Structures are given as structure tokens and as C-alpha cells.
Amino acid sequence: MTEIRSKPILAAAFVALVMAAAMLLTVLPARAQTGGIVEEQRPIIEKLVTESEALRSKIDAARENDLELVKLRLAGTELASKVLASAVVFRPRLSEINARLEQLGSPPADGQPAEPPAVTEERNSLLAEKASINELIGKAEASSIAVNRMIDTVNELRRELFARTLTRRFDINYDLAGETLHDFSVELQQLWWTVSNWMRFVTSNKLSSVLGATFFSLLGAFVLLVGGRRLFERMISPDPTVSEPSYLSRLSVAFWSTLLPTAVLAVFMGGTYVLFDIFGVLRAQIDEMLIVLFEVIGIVFFVNRLVRAALSPALPNWRLVAVGTRPAYLLIWLVTITALATGLDFLFTVVNNVMKSPLSLTVAKSLVATVIVGLLVVLIGAVKPFTDEHGQAKPWPLAVRLAAFGLGGATIVAALFGYIGLARFVSQQIVISGAIAATMYIGFLSARAVSDEGNFARTSVGKWLDSRAKVDTTTLDQLGVVANVVINLLVVAIGIPLILLQWGFQLGDIRAWTYSVASEIQIGSVSISLIGIVTGLVVFILAYFATRWFQSWIDGNVLKRGRFDSGIRNSIRTAVGYLGIALAALIGVSAAGIDLSSLALVAGALSLGIGFGLQTIVSNFVSGLILLAERPFKVGDWIIAGAYSGLVKKISVRATEIETFQKQTIILPNSELINAAVGNWTLRNHLGRVEIPVGVSYDSNPHQVRDLLLEIGQNHPLILKNPEPQVYFANFGASSLDFELRVHIADIFNTIAVQTDLRLKIMDVFKEKGIEIPFPQQDVHIKTGAPPEAIPLKAPSRKRAAGARLAKQPAGRPRKKIDPE
């Protein structure tokens with residue numbers, strides 16, 4: 001009895017032990033995780049808070065330096081994103097803590113049984129961890145708010161600094177001109193001394209490095225020049241033998257003849273500067289002046305090439321703007337000198353900063369440069385570049401003249417009244433922003449010209465696609481529209497940032513704006529990422545073309561070698577195409593970062609719409625899948641569907657394309673081909689039977705007729721011997737003995753030819769043997785002397801058979817005399 005009672009006790013003890021172990025295993029991970037994520041994130045958040053406090057002091061120190069303010073703004077934006085990321089890390093753990101606290105429930109109230117100590121300990125531990133997490137999240141949020149306020153402060157400081165630069169007025173004392181000239185000569189001496197010292201240092205210590213850097217820079221520029229001319233030879237130099245080049249050709253020559261030489265010069269100067277820096281050739285002062293000198297040379301060269309390409313003074317037929325030859329040369333000189341004056345102003349400003357020149361010299365230099373630029377702009381507006389119908393010089397349009405006179409006059413007035421910063425700003429925008437805007441305009445014109453009908457086929461890419469990929473004209477025109485969109489996007493993406501840089505914005509500003517726009521756009525509760533969308537589109541396009549390539553590969557290398565018929569190949573190719581497009585769409589959506597779960601409501605609405613409005617479309621879609629799977633007919637089959645008969649040209653998931661023998665294309669919904677009877681002449685083979693009905697007179701010998709018909713059928717080359725031809729005595733007709741010749745042919749598509757041959761042969765043989773083929777005939781007899789109105793409307797009919805006449809007289813009508821033949 002004791003042994004029996006001990007078994008339940010042992011079982012209960014074992015169950016209690018298992019429950020305790022389970023509770024211990026539940027509590028231990030919570031305890032282990034309590035200090036894990038908090039201790040891991042605490043130093044990170046404290047470090048970010050310290051960095052945000054240090055950022056404030058740096059902003060106060062850089063109030064007058066726009067470039068430093070931009071760097072601090074970028075640092076603040078990056079810091080704010082890090083702070084938010086550190087706070088987001090706690091979200092999964094907080095969700096786990098809240099869920100576990102709900103499972104544990106509230107502590108027992110007074111008077112209720114006490115809960116197990118392990119549960120109390122776990123709840124207290126979770127509450128302590130939650131409090132620590134909330135504390136850190138509070139610090140992160142406070143730091144994020146402070147950083148965002150500092151970013152706003154930086155933006156406000158930069159706006160104030162830009163406004164002060166443009167509106168600051170200098171008192172110009174022309175009595176100090178002599179002193180200013182003396183300062184200028186002193187600065188030139190210092191500049192010469194600095195440059196000569198650097199030259200002596202280079203020749204004595206870095207000559208081999210300078211020669212090597214120059215050689216490799218020239219080599220890179222030479223390779224680019226030769227390669228560019230090989231690739232774009234026809235698009236760089238205008239052909240003087242072409243009397244009337246197309247507008248697209250002129251745009252192409254202007255673009256490439258400007259871009260390639262400028263790129264060659266940029267490669268040479270950029271390579272030289274980078275290699276000088278790597279080899280330790282540059283010094284502090286020389287470094288700043290050399291990079292600005294290269295920039296000025298590049299800008300002046302680019303402006304000169306652009307104006308020369310647009311005006312083409314030597315070849316009037318290749319001009320983008322129809323100006324005279326002499327005005328073209330004059331405009332090229334004026335624009336080039338304007339760019340040179342602006343570039344020298346910028347260069348001497350850097351030299352003044354490097355040499356620590358007095359403010360009076362900087363103001364005097366900018367005064368002279370801006371006045372010269374203003375006068376040159378006014379002269380450009382005063383040029384009369386066009387000619388009227390009488391050959392007289394014609395000025396610019398009124399809007400162009402007013403803009404030139406207004407900008408040039410404003411620059412001169414601002415400079416003379418002491419607003420040097422504003423005058424320099426306007427003069428620089430006239431030259432640099434004007435050149436960028438002109439280049440963008442040429443880009444827009446090129447995009448429009450490429451998209452015109454037939455123009456893309458005449459481009460190098462269009463000719464390559466036509467010769468290599470055999471792309472048809474319609475597709476090339478569609479690609480021209482795509483090229484139009486791409487070119488416009490590239491022009492905007494490149495030109496707008498360059499203009500913004502000239503208007504006082506820094507590269508860091510553009511990077512920050514681009515990142516904020518491309519990474520996330522918030523519309524209500526929906527976040528849209530342009531980068532994600534573009535990535536999804538690129539992935540979809542790549543997957544789409546990969547699907548098309550796989551279709552061609554499996555059809556040409558697998559199915560064709562496997563001797564599959566065209567119907568099976570078409571079904572497999574179609575199925576692979578639809579499957580690949582579906583996978584490409586799913587991969588593209590996934591790459592775009594679109595949460596498909598958020599489309600559940602839309603999917604529900606579509607399901608409702610499919611149930612009502614899209615029922616026919618879904619029925620056709622399912623029917624198309626059935627046709628591709630069961631293959632009751634295939635591409636190339638001769639089918640009869642209702643009132644239509646013809647060849648199957650294409651089977652898609654919605655409809656089937658049939659071409660009749662009159663070359664009419666019929667689009668039949670797939671549901672009609674599934675739900676109705678369809679005849680297929682070529683389902684298993686092309687074997688078919690041809691019937692030729694023929695009637696002979698009653699005077700003919702039926703045995704002779706049968707033998708002649710059999711002989712005709714057996715002697716035709718396209719008629720099969722097995723099954724052999726047969727002659728069927730069909731009926732005793734009203735006017736003839738009716739026979740039918742039945743023969744089988746190997747290809748049902750030869751039916752018309754065989755029928756024609758057989759009928760011609762039967763006609764010839766029967767005529768030779770004297771066998772008459774009767775035909776119905778009607779004779780109408782009219783009584784003489786009867787008035788026209790007495791003639792009955794319905795005449796009696798007569799049929800002739802083997803020389804005999806049979807007549808029927810309608811009841812209730814006057815009898816008519818039937819004359820014998």
C-alpha cells in the first residue's frame with residue numbers, strides 16, 4: 001500500500017520540478033537581456049549627446065565661414081540620423097517587454113493569494129529594464145531635437161551671410177587710386193617671388209616628379225582625344241561638303257565638339273593636379289592658386305568652344321543660330337573676353353586671400369573686373385547679328401536686348417555705387433550660369449530632335465540597333481521617346497546642381513537635399529523612396545530582358561534541337577515569358593522596398609472588382625492558360641471557330657489571333673474557343689480528304705463515268721495511293737446522275753490546287769469522251785399582243801435535261817404555250 005501511494009507523490013514532485021525549470025529558463029534569458037541592450041546602447045547614446053553639444057560650439061565659431069557651416073550642417077544631419085537609429089534599436093525589446101508584462105499581469109491586490117517569487121522578480125526586472133530604456137530614448141529624442149534646431153540655426157546663419165555679402169557696400173575713394181596701384185605692384189612682386197621660389201624648389205628637388213606627372217597627364221588626355229575621335233569622328237567635325245545638314249546633325253556636332261575637347265583639357269589639368277599632389281610637388285599657397293588657375297582655364301575654354309560650336313563662323317550651314325559671319329566672329333570674341341574677365345577676377349580674389357592683400361586692393365580689382373564685364377555684356381546686346389530680307393543688319397529680339405542691357409547696366413551701377421559683392425555675383429552668373437544654361441538648352445533641343453519621328457534611327461545607336469539587333473522602325477521611334485526622357489533627366493540632374501553651386505549653395509547642400517528627397521518622401525502615413533523606386537524599375541528592366549534572353553535561348557538551343565514542333569515551342573516560350581515577367585515584377589517590387597502587406601486593402605478591392613466587372617477578362621485569362629496547357633490547337637493550325645476559318649497566328653492568355661485566307665486578322669477571346677466547338681484540320685497531321693461532286697446526263701454510262709473519275713484521281717501526283725481514290729454514286733438527281741470523287745491528300749493546305757486540277761481534268765476528259773454535264777436552264781415565254789400590265793409577275797420555269805423540257809404552270813394563272821426547242 002505504501003508503494004502504491006508513493007508513485008503519485010513522485011509524479012507530482014517530478015511535475016513541480018519541470019515547471020520550476022521551465023520558469024527558471026524563462027526568467028534567465030530576460031535577466032541576461034536586461035543588461036545586454038541597455039549597456040550596449042548607453043555609451044553610444046552618451047557619445048552622440050556629447051557630439052551634439054560639441055557641434056553647437058563649432059557653429060558659434062564658424063558663423064562667418066559658409067563652407068564650414070555647410071560641413072557642420074552635413075555633420076548635424078548625419079548625427080540626427082544616428083540618434084534616431086540608436087533609439088529605434090530599442091523598439092523590438094520594448095515590444096517583447098510589454099508583451100511579457102501583459103502575460104504576467106498586474107501584481108495581486110491586498111487580500112489575494114501571493115504570486116510565486118519568480119514571477120515577482122521577473123516583473124520587477126522587466127519594469128527596471130523598461131525604465132532604463134525609456135530614459136535612454138528620452139536622451140536620444142532630446143538630442144535629436146537639439147541637433148535639428150542647430151541645423152535650422154546653420155541654415156539661418158548661411159542666409160544671413162549670403163545676404164550680407166550681396167548687400168555690403170564699400171566706400172570707393174578714387175583719390176586713393178595711386179596707392180591702390182602701388183599695392184597692386186607690391187602684390188605682383190610677392191606673387192612672382194612665391195612662384196619663382198616654388199619653381200626653384202621644383203627644378204632642384206621635384207623635376208623628375210613634375211615631368212612624370214605631366215607625361216602621364218598628357219598620355220591620359222591623348223588617349224581620350226584619340227579614342228573620342230575614333231568613336232565620335234562623324235559627330236565632332238562638321239562636314240563642309242554637306243550643304244543642308246539636319247538640325248540633329250548640327251546639334252550633335254555642337255555638343256561633341258564642345259564636350260570632347262573640354263573633357264581632354266579637364267583630364268590633363270585634373271591629372272596634373274592630382275599627380276602633383278601625390279608626388280608632393282605642391283605647396284600650401286601654390287596649391288590654392290593652381291587649382292583656381294586650372295578652373296579658370298577650363299571655364300574660359302569651355303565657353304569659347306561652346307560659342308564657337310553654336311555660331312560656327314567658318315561653316316554657315318552648321319550654325320545653330322542663323323547669324324551673319326562677321327557678327328559670329330564678333331560675338332565669339334566678346335563672349336570669350338567676358339568669360340576671361342570674370343575668371344581673372346575670381347583668380348585674383350584667391351591670390352589676394354593667399355597673399356593677405358589689403359581690402360582696398362581686393363575692392364579695386366573687383367570694381368574694374370565687374371565694370372569691364374558689364375560693358376562687354378552691353379556690347380553683346382548692341383550687336384546686330386541678323387539680316388532682314390533686304391540684307392540690312394537686324395538686332396537681337398527685344399527681350400534679349402533688354403536682358404543684356406539690364407544685366408550689364410545693373411552690374412556697372414552696382415559696382416560704381418560700391419556694392420562689389422552684388423556686382424561680382426551678377427557678373428559670375430552671367431558667364432558661368434549663362435554657359436550652363438546654354439548647354440542645358442542645347443541638351444533639351446537634342447532630346448527633342450532625337451524623339452522626332454525617324455531621327456533616332458539615324459543616330460549611331462539607332463544604326464547599330466538596326467544592323468545588329470534588327471530592330472524595326474516603330475521600335476526605334478519608341479526608343480527615341482525613351483532617349484528623350486533620359487536625356488532630359490540627365491540634363492536636369494547635371495545642370496541644376498551646377499547652377500545651384502553658382503548661386504551660393506555648396507556641394508554639401510545638394511548632397512543633403514538629394515539624400516533627403518531620394519531616401520524618403522513622406523505623404524501622410526506613406527513613405528516613398530525614389531532610390532527604391534528607381535532600383536525597383538532597374539531590377540525589373542534587367543529581369544525582363546533576362547527573361548527575353550532566356551526565352552530565345554531555350555527556344556533556339558533546347559526546343560529546336562529537341563525537334564519539338566512549333567506549337568509546343570510556342571506554348572513553352574509563352575509560358576516562360578509570362579512566368580518571367582511575373583517574377584520580374586515581384587523582384588522589382590521587393591527591390592523597391594514596397595510592403596506588399598500594405599496592399600491588402602487594394603487586393604481586396606481588386607478581388608471584388610474581378611468578381612463583378614472583370615469576370616470576362618478573368619475567364620479569358622484562365623481559358624488562355626487552358627489552351628496553352630491542353631493545346632487543342634497550336635500556332636500554324638487551320639481551325640474553324642464559328643463563322644471564322646483561318647490559320648492560328650498567336651495564342652496569348654487573353655485572346656487568340658487568327659488570320660483568314662483573305663488575310664483578315666480575327667481576334668477571338670479565348671473563352672469562346674473553350675466554350676464553343678472548334679474544328680482543327682491539322683491537329684495531329686495535315687492529311688485531308690477532298691470531294692469533287694459532278695453530275696452527268698442520264699444518257700451517260702455510269703460505269704464509264706466511274707472508271708474515268710477513278711483514273712483521274714489515281715493519276716494526280718498530289719493524291720495519296722493509300723487511302724486510294726473512291727467514286728461514290730451519290731444520287732439520281734432531277735436533271736443529272738450525281739457522282740462524287742473522293743481523294744486523300746498529304747497536305748490539306750493543297751486543297752484548292754488539287755480541286756482546281758481535278759475539275760479541269762474532269763472537264764477535259766468528259767469533253768473528249770462526249771459525256772455531257774447537264775445544267776439547269778430557264779426559258780421565259782411572253783404571249784404576243786398582251787398589254788404590258790397583263791404580263792404576270794411570275795414566269796413559269798422550264799428545266800432541260802438531256803434535250804427534254806419539263807414545264808410547270810402555276811395555278812390561277814393564264815396557261816401559256818410551251819414551245820418545243
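Reply: Gladly! What covers the buried residues of helix 22 includes strand 10 (688–696), strand 11 (726–732), strand 12 (737–745) and helix 23 (751–769); contact here means heavy atoms within 4.5 Å. The model is predicted, so local features need pLDDT of at least 70 and side-chain atom pairs count only at pLDDT 80 or more, while totals for chains, interfaces and linings use all residues. Residues are numbered from 1 along each chain as its sequence is written, and side-chain values use heavy atoms, with hydrogens and water left out.

Me: What makes residues 702–715 a helix, and which span is expected for helix 22?

Reply: Helices are DSSP runs of H or I with at least four residues, strands are runs of E with at least two, and both are numbered from the N terminus.

Me: Which residues of helix 22 are called buried?

Reply: Val-705, Leu-708, Leu-709, Ile-712 and Gly-713 are, buried being under 20% relative accessible area, exposed over 50% and partly exposed in between (1.4 Å probe, protein chains only). They cover an arc of only 130° around the axis, taken from the directions from the helix axis to the C-beta atoms, which puts them on the same side of helix 22. The face turned away from that side carries the exposed His-703 and Asn-715.

Me: What caps the N-terminal end of helix 22?

Reply: Asn-701 does, with a side-chain oxygen 3.2 Å from the backbone nitrogen of His-703. A polar contact is a pair of N or O atoms within 3.5 Å; within protein, one must be able to donate a hydrogen and the other to accept it, and residues adjacent in sequence count only if both atoms are side-chain atoms.

Me: How do you know that strand 11 and strand 12 pair?

Reply: Two strands pair if DSSP finds at least two bridges between them. Six bridges join strand 11 to strand 12, so the pair qualifies. Three strands form an open antiparallel sheet in the order 10-12-11.

Me: What makes strand 10 and strand 11 the edge strands?

Reply: Each of them pairs on one side only.
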